[in-house]
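Here is a walk through one protein chain, from the overall fold down to single side chains. Keep the structure open and follow along.

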Amino acid sequence: MKYLYLVSTLCALGQATLDKPALTDNLDYLWQGNINNLNPTQSTWDQWGSGWIPADCKSIAESQGLSPSDFEVYNVHYTDCGDAWVFCRHTSSSIDLVSTIDIFGRLPVRTRSWVRHVMTIPGNDWAFNSNGNIAFSGKTAGNIDVAIHESGHSLDLLGAYGEVLSSSQTWLDNYNQDSNVPDNYARTNQVENVAQNTVVSVYDKVVPGGLGSVQPNWSKIFHQYATLEWKAGDHIIPGGTCDRHLINSETVSMTSSQKRSTRLADKPSHEFKGTYNNIVNNFTSFSTEADCKFTWA
């Protein structure tokens, strides 16, 4: 599969466009290395009974003008975690369920742990992250670097680094030591710059030879991706088992009200079966969708 070229609109998220030049137009040259070196995780899945959907999936669906009733909901069980991730798939999605499960399962499990629900919706090729929920539109669910980028927002904005890295003095001090940012999309703002540096950092860590094997000018962005690697630690390294950080959203009816005569399947539980020491349920609400659509051609 060929990496899809970025043709983004600019987005704000309360931050200004960056004035450093892009090292490259896009990060398409990293796709092959990442897909080759992030191995899939064995998985199984089962579909929810009719009429139920996670509350966050319902909210995002309605915000996109889609009917929650047109979604299929699945528990996706990966062998490196005792609890499933809940996927919400629109029946008209361009990417099939198996491909979405494969791509998400290639992410390091400690990265996956900071993603709440995975959604696929029909439409043009773009993606966004809302409070740890990743919504893939069009064919983006089949692109590993989009998955890394969007999960990078979770790591940054939900506290995996002990702070919001993109607005921290640590990040700004190191950013100021570099002459460039990774690509044109990274120039959007520091939130998107951190997300694009997540793609760079994963490549640097998992591909033999690291970034320097494909990018002779790596030193021009070194302080940025090295800082992210330092703060991320083993979050971006494959292996290990899950340490869940996000609670699932509440299980709700697909429709605003269910008639008493409507026959529903048993209500699925949104509670974890396992016991985890790192559960995040208090954070500043965010969405990269309102001001920025990670758009692809």
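Start at Y175. Leaving aside neighbours within four places in sequence, Y175 is in contact with L18, D19, K20, V181, Q190, N193 and Q224. This is a predicted model, so read each contact as part of a prediction.

Y175 lies in helix 6, which covers residues 169–175. Is this tyrosine buried or exposed? Its relative accessible area is 6%. Buried means under 20%, so Y175 counts as buried. Another tyrosine can be located from here. The C-alpha atoms of Y175 and Y225 are separated by 9.2 Å, although the two residues are 50 apart along the chain.

Now step back to the whole chain. The secondary structure comes to eight helices and eleven strands. The chain has 297 residues, and 56% of them count as buried. The chain exposes about 12200 Å². Carbon and sulfur atoms supply 46% of that area.

Next comes a charged residue. D183 is found in strand 9, residues 181–183. D183 is buried, yet it has no salt bridge. How far away is the nearest side chain of opposite charge? That side chain belongs to R187, and it is 9.0 Å away. D183 does have polar partners. Its side chain reaches the backbone nitrogen of A186 at 3.0 Å. A polar contact of 2.8 Å also joins the side chains of D183 and Q196.

Turn to the cysteines. A disulfide is a covalent bond between the sulfur atoms of two cysteines. How many does a search of the whole structure find? The search finds two.

Take C57 and C88. Their sulfur atoms are 2.1 Å apart, and the two cysteines form a disulfide. This pair links distant parts of the chain, 31 residues apart. C57 sits in helix 2, residues 55–63. C88 sits in strand 5, residues 85–90. Why is the disulfide called right-handed? The torsion about the S-S bond is about 85°, so the disulfide is right-handed. C57 counts as buried at 1% relative accessibility. C88 is buried too, with a relative accessible area of 1%.

C81 and C242 are also joined by a disulfide, with an S to S distance of 2.1 Å. This pair likewise links distant parts of the chain, here 161 residues apart. C81 is in the loop between strand 4 (71–78) and strand 5. C242 is in the loop between helix 8 (222–232) and strand 10 (251–253). With 70° about the S-S bond, the link of C81 and C242 is right-handed. Both C81 and C242 are buried.

How do the bonded cysteines pair when numbered in sequence order? The pairing is 1-3, 2-4.

An α-helix has 3.6 residues a turn, so residues three or four places apart point the same way. Just after helix 2, G65 takes a positive phi of about 75°.

How values were computed: Residues are numbered from 1 along each chain as its sequence is written. This is a predicted model: local features need pLDDT of at least 70, side-chain atom pairs count only at pLDDT 80 or more; totals for chains, interfaces and linings use all residues. Side-chain values use heavy atoms; hydrogens and water are left out. Helices (H or I, at least four residues) and strands (E, at least two) are DSSP runs, numbered from the N terminus. Buried means under 20% relative accessible area, exposed over 50%, partly exposed in between (1.4 Å probe, protein chains only). Lys and Arg count as positive and Asp and Glu as negative; His and the chain ends are not counted. A salt bridge is a side-chain nitrogen of Lys or Arg within 4 Å of a carboxyl oxygen of Asp or Glu. A polar contact is a pair of N or O atoms within 3.5 Å; within protein, one must be able to donate a hydrogen and the other to accept it, and residues adjacent in sequence count only if both atoms are side-chain atoms. Accessible areas come from the Shrake-Rupley method with a 1.4 Å probe; for residues, only the protein chains shown count as cover. Contact means heavy atoms within 4.5 Å. A disulfide is a pair of cysteine sulfur atoms within 2.5 Å.
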